[in-house]
Amino acid sequence: MSYALSDDQLRGAPFHLDAQALNWVKETFARLDEPAKLCQILIPMCRDLSEDATRQLAQRGFGGVHRFPSFSEDELRGSAQILTEGALVPPLLTADLELSEKASVKAGTLFPNQMTVAATSDPQNALRMGALAAREAGYLGFHLSWTPVADLPLNPRSNVVNTRSFSADCDKTIAFMSAYIDGMHANGMAACVKHFPGDGLDDRDQHFVTTTNPMEMPAWHNSFGRIFRAAIARDVRVIMAGHIRLPAHDPSGLPASQSAPLLQGLLRDGLGYNGAIVSDATLMNGFRSQGPRSQIVPQCIEAGCDILLFPLNIDEDLAHLAAGLKSELLSPRRLDEAVLRILALKASLGLHRDAGLPGPERRAELLGTDEHRKWTQEVVQGAVTLLRDRQQLLPLDPRRHRRILLAEATGRRSPSSPLPDLEIAALLEAEGFVITRLQPGAAIDASAHDVGLYLMAEEGLSGKEHLGPQWERLHGAFPASMERLWHYLPTVYVSLGTPFLPCHMPDCPTFVNAYSPIKPMQQAVVAALCGRIGFAGISPADVTGGMG
């Protein structure tokens, strides 16, 4: 039988298949008919982990299923068991393990986002981040994470990159990304570097619009090109194609998820990548805006994506792929290449031998361990960053600063759900401070307070539209939104999210960046404000946004 990929391609980097694994790939491929091959290239999203819904999904024979680490331990382990038991071809069970507030394993250990890790300046913490994610998610039945983010936070208005990335510095990003991949691979999980060809310059979000990387090719090769080459050298097995244009290489205006010049030309031929390519979510408007789905779904695979992530409608997208084969929008050879790479990815993870869950006896060594909690503490305590203290206000002391006027943005939300309010006020009260909350629109009486404190906790997130200072949430509608506590009181501003707020307030005398709102970071912030730990963090990006 003739194969669309050679034995050398399947045996070589990044899959490194032995003879048994290679034989399994070829034998499994030979058993698949066209409908089964089409199912292999789809990874749908599953938000219903009930037994009936999971069994219905398992029967379809998809290449993988995406679940969320926010579900309970029993739901995740139970659904993984249903999805894998008796499967003719084991599915890839995937997650987006970006950690921090929204994407940590609910049943496991809270751990901050990538930028927090980079603020420690120690790549060992990125290795631990990858290891922790792989161990905890692996116990819950996951095989592949759509992480790490290898984008560069070069534009402070890019909400979709921001704290999800490591650093604006290429060398630092390569060091931390490489360590993260090592940590994940050493603990049995495949990593996925995203988002090719690189994000962080455009201030728009692919959930809402197709975006652009405006770099000329020499600059690209010296930045994102170096990053992706480093990931390939680290044997990353999956790279995500973003809904991002690179017009310097493909002037057609097609995003990478639709562009053969970018995927087949630049990524495979130019950078030498032989692993699997996954599209970014095809639910996103950055994908859907490119044309009728009957055209863009088969074109995505023909252009070079091996996996179609999150079909909009499973049956309709399967029909579009089948019709694309008949109309020659999708070639049989490209379909076969995609399926062979997916099978090689599965074999590289050992799924041909055992797709089952780690036994419950391993829970104590994998999920929510003392070691993992210690890693979290070391990262948060090493990341809190003092940008300036012109008034020499810190450390705060209840003997001198007992009465704190707190301006805090409450009613926090992610794009899809409410988020808990911060606990810093209660932590400060436990230190002996008296907290009075500023009501938006209320007058500020300096005589009633010793110090002012701002708290904002807005991380970079996909689908999030606003990460600016949001003064109306703190002080009330215009003209109250022009008020500032430091006009009246010695004041410190703390951001437990985006690091770029200082460019909106160069006159704020004392400013602290803490990158992530998870509770261990809130505790570290209070410890630093009160002088029990030092401010050890170093900014991973130009927090002034180039404004000085």
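Visitor: Does Ala541 count as buried or exposed?
Guide: This is a predicted model, in which local features need pLDDT of at least 70 and side-chain atom pairs pLDDT 80 or more, while totals for chains, interfaces and linings use all residues. Residues are numbered from 1 along each chain as its sequence is written, and side-chain values use heavy atoms, leaving out hydrogens and water. The relative accessibility of Ala541 is 11%. Buried means under 20% relative accessible area, exposed over 50% and partly exposed in between (1.4 Å probe, protein chains only), so Ala541 counts as buried.

Visitor: Which residues does Ala541 touch, not counting those up to four places away in sequence?
Guide: Ala541 lies in the segment after helix H21 (519-529); helices (H or I, at least four residues) and strands (E, at least two) are DSSP runs numbered from the N terminus. With contact taken as heavy atoms within 4.5 Å, Ala541 touches Pro153, Ala168 and Phe500.

Visitor: How do the contact residues of H2 with H16 divide by type?
Guide: H2 (residues 19-31) packs against H16 (residues 332-348). Among the contact residues are Trp24 and Phe29 of H2 and Asp336 and Lys346 of H16. Ala, Val, Leu, Ile, Met, Phe, Trp, Tyr, Cys and Pro count as nonpolar, Asp, Glu, Lys and Arg as charged, and the others, Gly among them, as polar. The contact divides into nine nonpolar, one polar and two charged.

Visitor: Which residue of E13 is the bridge partner of Leu405?
Guide: Strands E12 (residues 403-408) and E13 (residues 434-437) pair in the parallel sense over four bridges, where pairing needs at least two DSSP bridges. In E13, Leu405 is partnered by Thr436.

Key:
Axes fitted to C-alpha atoms, helices over the stretch in contact; angles between N-to-C directions.
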